[in-house]
Amino acid sequence: MEWNGYKSGSDGNRFLFEVEFTTTDGQKHWNGLYYTPTTEKGKQHLSSTVKVSNLPAQTIDSIIFWDELNPGSHLKVTNIAMTINPLETVTPDLVSSLQWLQNTTILTEPTPGNYRAEAQAENLGAVGFFAAYSSPLQIGKKYKLSGMVRGNIPLIRYGDEATVPEVLTTTDKWQTFSLEFTAVSDIAIYGSASKAGDWFEVSDLHLSEVGGVAWPDLFSSMSKAPVTLLPGYATTIGYLTKNEFDKIGGCNLLPMFNQEVKGFTESKNYNNRIGFELYFHGADNDKENYLGAWAKTPDMNNRFIGYELTLNGSNNRGELYQSKIMKEDKAKVTLYNQTNATVTISNPCMYVLPNTTS
């Protein structure tokens, strides 16, 4: 900062730099640097440390420099910066990257950040909500979910849908919960309702990364864009080379994809399933391999996770012979709609799991 012609007594009597933002609870915040000169002219490097809100920012409203010195004064500003203090860096809270979706539940948000799930008379049983993973969460990494919960449903289950969830006994008094898990499917929080009006409520949710390595996706070079298929149609989205496949050796694979279905009904004229396959011949015995995932009776519009595929050279999944080595130079990946509905498939993945016995 460099100034001259300053006289005390003006209305603002200062200059300042600030960022205005609104957090998810609707509150406005102004964080920045403020300075009131003590001399008529001067030159000085200025810095300040501020602590921002723990809640995620909903909007960045303005980034402004204000000159509130007296008329006739002159001010020169250079090298404006706002950085994260490396000595006080905290793990980012990723909860704002989740979009909570309801199942057969009335889901409301009584106050920002509080979610209430309530059973309906026609849909008893599993009551709750889930969040499909989105950036920056990565499949295979470890995360910690924590928050507060209360309710009249005796037992609440929470965590990753593809793993064994944690179980918590709930009451109408707020209590904390916390869980570390490996990201595979969706985050789910649910309980078992016995009557209409059964409910639970969560608050102060936080989600942070705690370690682990993201699992590689064999299909990372292929298109993840949504593909709409009419009844009975299929389409090839890409090819996997022999080199790409053979180098994973005996690692296990976990296939998954997202689906959106419109107008499905069970039909004897179709196989009533949606999915994808990587097709090739095994180099050891020339047997056919079909590696993929199939959603049977597909009436859900969400992520589908297939069975873990064990590449051990033995016939351990029905008629599927899962070889470690590919005979062809490349193998095609095909999306299938074997139903009477219009189907959209997106984000087909084939994750390479750590090379351990499942």
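Tutor: Let us begin with a definition: a residue is buried under 20% relative accessible area, exposed over 50%, and partly exposed in between, using a 1.4 Å probe and protein chains only. This is a predicted model, in which local features need pLDDT of at least 70 and side-chain atom pairs count only at pLDDT 80 or more, while totals for chains, interfaces and linings use all residues. Residues are numbered from 1 along each chain as its sequence is written, and side-chain values use heavy atoms, with hydrogens and water left out.

Student: Is arginine 14 buried, partly exposed or exposed?

Tutor: Arginine 14 has a relative accessibility of 30%, so it counts as partly exposed.

Student: With which residue does the side chain of arginine 14 meet in a salt bridge?

Tutor: A salt bridge is a side-chain nitrogen of Lys or Arg within 4 Å of a carboxyl oxygen of Asp or Glu. Arginine 14 meets glutamate 68 in this way, at 3.1 Å from N to O. Strands (E, at least two residues) are DSSP runs, numbered from the N terminus, as are helices (H or I, at least four residues). Glutamate 68 lies in the loop between strand S5 (57–67) and S6, and arginine 14 in the loop between S1 and strand S2 (15–23), so the pair ties together parts that are 54 residues apart in sequence. Glutamate 68 is partly exposed, at 25%.

Student: How many salt bridges does the structure hold?

Tutor: The structure holds 10 salt bridges. One of them joins lysine 28 to glutamate 20, with the closest N and O atoms 3.4 Å apart. Lysine 28 is partly exposed at 41%, whereas glutamate 20 is buried at 17%. Both belong to a network of salt bridges that links Glu20, Lys28 and Asp61.

Student: How should I read a sheet?

Tutor: Strands of a sheet pair through backbone hydrogen bonds, either parallel or antiparallel. Here, two strands pair if DSSP finds at least two bridges between them. An open sheet of 3 strands has the order S4-S1-S6, with antiparallel pairing. Its edge strands, S4 (42–43) and S6 (74–76), each pair on one side only. Strand S1 (residues 2–4) is joined to S6 by 3 bridges, and tryptophan 3 has leucine 75 in S6 as its bridge partner.

Student: What is meant by a nonpolar core?

Tutor: In soluble globular proteins, nonpolar side chains tend to be buried together. A nonpolar core is a set of buried Ala, Val, Leu, Ile, Met, Phe, Trp, Tyr and Cys residues joined through side-chain atoms within 4.5 Å. The largest one in this model has 39 residues; among those touching the most other members are Trp100, Phe129 and Phe200. Strand S16 (residues 199–211) gives the most to this core, with 4 residues. A second, separate core of 31 residues includes Phe257, Ala293, Ala341 and Met350.

Student: Which residues have a positive phi although they are not glycine?

Tutor: Most residues other than glycine have a negative phi. Among the exceptions here is aspartate 204, with phi near 55°. Aspartate 204 is found in strand S16 and is partly exposed at 41%. Asparagine 272 is another case, with a positive phi of about 60°. This asparagine is found in the loop between strand S19 (253–262) and strand S20 (273–281), and at 7% relative accessible area asparagine 272 is buried.
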